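Let's take a look at how the parts of this chain meet. Have the sequence and the 3D view open as you read.

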Amino acid sequence: MKFARTVVPLVVAGVLAAGLSACGSASASDYAEQNLEGRGPITFVQGKDNNGVIQPIIDRWNAKYPEQKVTLKEQTDQADQQRDDLVRNFQARNSGYDVVRVDVVWTAEFAAKRWLQPLTGSMAVDTSGMLPATVAAATYQNTLFASPVTSDGGMLYYRSDLVPNPPKTWAEMMSMCSIAKANNMSCFAGQYAQYEGLTVNAAEAINSAGGQILDEQSKLSINTPEAKAGLSNLVEAYRNGNIPVQAVTYQEEQSRQAFQDGNLLFLRNWPYVYSLASTDATSKVAGKFAVTALPGQSGAGASSLGGASAGISVFSKNKATARDFVQFLTSEEIQRFYVTQASNAPVLAKLYDDPELVAKLPYLPVLKTSIENAVPRPVTPFYPAVTKAIQSNAYAAIRGQKSVDQAIIDMQKSMEAAGVK
Ligand code: GLC
């Protein structure tokens, strides 16, 4: 009894203390109510600025609003590392990550965790005039959690000096690999290192062959002959050398470099490459390339929808400034700057039909079609597990460590385990 008497009060005290500390520390959703009027310096966090476009944009803002200065924090150029950095800082409730670049595939996860400020009420931004797919990709459970800033659609870059009529189908492209051989170069590459870019490329191969990861009802439908045919296209091209051996180490930048160095006849990449391959002092392909739609089974293929939005952290102390800065990023002035300076895909629909821009940037119609027909990657708060299922199995199949059939079955099983049905 004596033992019990001393123990019980201790246990009760412990429970009370735990209860008190829970009351004392607000949950992430409580933060969404705070600092809505806050103005002052903020930080904008995004991945490496390959095209040198964001600092000049921030400079324009800072010249106008010196009291609400924006400072840039650059992460690495790799999508998965960028996400991990954001997750760490959200978990630490870092008020210094005020506005962050949110890849389209992170919206659901970050929103479900209540890390992003809902853009409603005084935080609302104007999304009229934006491509609908970009707004959908920043929305979770009918609430806008980030403002679209740049979109992204995959395109096929090709050496127009060597290939006068670009291929429309995968089979046509493969048949043109003889041109690469004759010119002592590799034929085709996308991004096949094991990271988010491989999920993009595997999904494109599957969608372009008439397969799907999810069907129209968002049900898992990956175990089909079409999806297998799509993945087989990559596996076979890697096995027979049409995709060079080092392509399993390629992310966006390494594959851009290979194309710019004149080592690739065809490249799958995002629009940002257009500007760099044209203007980089070291580019060997300036004036010698053009872009067309990704090749499909019997006509154009389907890109994975890419792109980025700007989200406001619920932990920011200066949310009024953050909101105005986000709106500024979507203004026509800044959208024009993104496309002319960095060949980034604007989110404002009307810019794709702007005669002055189209005259300067001949890839714009191809890009618009790519984005309009692009297929979103699965939308789920459990996306990290979903992308891992796709990446790791596609990687094993491309490297010949797993059959295509097995890789597709394993993708399905792992996605089911991650809650996708
Ligand atoms: C680009 C796309 C993004 C994608 C990433 C993969 O940044 O915009 O959506 O996830 O590439 O590497």
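How many residues of domain 1 are in contact with domain 2? The count is 25 residues of domain 1, and they touch 25 residues of domain 2. Keep in mind that this is a predicted model.

| Domain | Residues |
|---|---|
| domain 1 | 34-152 + 306-372 |
| domain 2 | 153-304 + 379-418 |

Taken over C-alpha atoms, the centres of domain 1 and domain 2 sit 26 Å apart. Between them, about 1900 Å² of area is buried, and carbon and sulfur atoms give 61% of that. On the domain 1 side, the residues that lose the most area to domain 2 are V105, D152 and Y363, which together make up 22% of what that side buries.

What about the contacts across the interface? The rule finds 0 salt bridges between domain 1 and domain 2. Polar contacts do turn up, though: 8 residue pairs across the interface of domain 1 and domain 2.

Now for the pieces of domain 1 that touch domain 2. Helix 4 (79-91), helix 5 (107-112), helix 14 (332-342) and helix 16 (364-372) are the elements that each give two or more residues to that side. Helix 16 supplies the largest share, with 4 residues. Sorted by class, the side of domain 1 that touches domain 2 has 12 nonpolar, 8 polar and 5 charged residues.

Definitions and conventions:
Residues numbered from 1 in each chain as written. Predicted model: local features only at pLDDT ≥ 70, side-chain atom pairs only at ≥ 80, totals over all residues. Heavy atoms only, no water. Domains from an automatic or database assignment. Contact = heavy atoms within 4.5 Å. Buried area = accessible area lost by both parts, 1.4 Å probe. Salt bridge = Lys/Arg side-chain N within 4 Å of Asp/Glu carboxyl O. Polar contact = N/O pair within 3.5 Å; in protein donor to acceptor, adjacent residues only side chain to side chain. Nonpolar A, V, L, I, M, F, W, Y, C, P; charged D, E, K, R; others polar.
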